[in-house]
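Some labels in a structure description rest on cut-offs. The questions below ask what stands behind each label.

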Amino acid sequence: MKASALIRGIIDFLLTITFIIIAISGVALYLAPSGRIAESIGWTFLGLSKDSWETIHTYLGFVMIGLVGLHPLIGFNSMITMLRMGLKKSKIEDSWDISILNCAVSRVRSLRQLYS
């Protein structure tokens, strides 16, 4: 998929923000009392209840799954270029390493063609 630098930047930014919020909600849920105790004692973290943190964590988790799935699709050509440059610099001589890498790249390309 051909994407402009602006689209790539937006997706990277959204991934970063989503990760930060999911990390904060994960900490909140880790610190929350178990079961319904949090509700009965009125527990909050940064002004939000345990149920609110669970909702935020769940929905942003789905958003992150979508963004992570989209991220390699729009940056696939750049990834291949960087891998090729890295292989040239690393002077890999073992044919097994090269064949495994070629197999992985061809699998990703076929999946990319299947879903585009």
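Q: Is leucine 46 buried or exposed, and what makes it so?
A: The model is a predicted one. Leucine 46 has a relative accessible area of 65%. Exposed means over 50%, so leucine 46 is called exposed.

Q: Where is leucine 46 found, and what is its phi?
A: Leucine 46 sits in the loop between strand 1 (44-45) and strand 2 (48-49). Its phi is near 55°, a positive value in a residue other than glycine.

Q: Which residues make the nonpolar surface patch?
A: The patch is made by Leu6, Ile7, Ile10, Phe13, Leu14, Ile17, Phe19, Ile20, Ile21, Ile24 and Leu46, and comes to about 1,000 Å². A patch residue needs over 30% relative accessible area; leucine 46 has 65%.

Q: Why is isoleucine 10 called partly exposed?
A: Isoleucine 10, in helix 1 (residues 5-31), has 40% relative accessibility. Buried means under 20% and exposed over 50%, with partly exposed in between. The value of 40% therefore makes isoleucine 10 partly exposed.

Q: How do you know that serine 25 is buried?
A: The relative accessible area of serine 25 is 0%. Buried means under 20%, so serine 25 counts as buried. Serine 25 also lies in helix 1.

Q: What makes the link between serine 25 and histidine 57 a polar contact?
A: The side chains of serine 25 and histidine 57 are joined at 2.6 Å. The cut-off for a pair of N or O atoms is 3.5 Å, and the pair at 2.6 Å is a polar contact. The side chain of serine 25 also reaches the backbone oxygen of isoleucine 22, at 2.9 Å.

Q: Which residues does serine 25 contact, leaving aside its neighbours within four places in sequence?
A: With those neighbours left aside, serine 25 is in contact with Trp53, Ile56 and His57.

Q: Why is the pair of tryptophan 43 and phenylalanine 45 called stacked?
A: A pair of aromatic rings is described by the distance of the centres and the angle of the planes. By the pairing rule the count comes to two aromatic pairs. For tryptophan 43 and phenylalanine 45 the centres are 6.3 Å apart and the planes 5° apart.

Q: Which residues form the aromatic cluster?
A: Trp43, Phe45 and Trp53 form one aromatic cluster.

Q: What makes the contact of glutamate 39 and arginine 36 a salt bridge?
A: Side chains of opposite charge can pair when their charged atoms come close. In glutamate 39 and arginine 36 the N to O distance is 2.7 Å. The limit is 4 Å, so the pair is a salt bridge. Glutamate 39 is exposed at 54%, and arginine 36 is exposed at 56%.

Q: How do you know that aspartate 51 forms a salt bridge with arginine 36?
A: The closest N and O atoms of aspartate 51 and arginine 36 are 3.5 Å apart. That value is within the 4 Å limit, so the pair counts as a salt bridge. The pair links distant parts of the chain, 15 residues apart: aspartate 51 is in helix 3, and arginine 36 is in the loop between helix 1 and helix 2 (37-41). Aspartate 51 is partly exposed at 36%.

Q: How many salt bridges are there, and which residues are linked in a network?
A: The count comes to two salt bridges. Arg36, Glu39 and Asp51 are linked in a network of them.

Q: What is the secondary structure of the chain?
A: The chain has five helices and two strands, in the pattern α-α-β-β-α-α-α along the sequence. Of its 116 residues, 17% count as buried.

Definitions and conventions. Residues numbered from 1 in each chain as written. Predicted model: local features only at pLDDT ≥ 70, side-chain atom pairs only at ≥ 80, totals over all residues. Heavy atoms only, no water. Patch = residues over 30% accessible without salt bridge, like charges linked within 9 Å, V, L, I, M, F, W, Y side chains within 5 Å. Areas by Shrake-Rupley, 256 points an atom, 1.4 Å probe, with all protein chains shown as cover. Salt bridge = Lys/Arg side-chain N within 4 Å of Asp/Glu carboxyl O. Helix = DSSP H or I, 4+ residues; strand = E, 2+ residues; numbered from the N terminus. Buried < 20%, exposed > 50% of the residue type's maximum accessible area, 1.4 Å probe, protein only. Phe/Tyr/Trp six-rings, centres within 6.5 Å; stacked < 30°, edge-to-face > 60°. Polar contact = N/O pair within 3.5 Å; in protein donor to acceptor, adjacent residues only side chain to side chain. Contact = heavy atoms within 4.5 Å.
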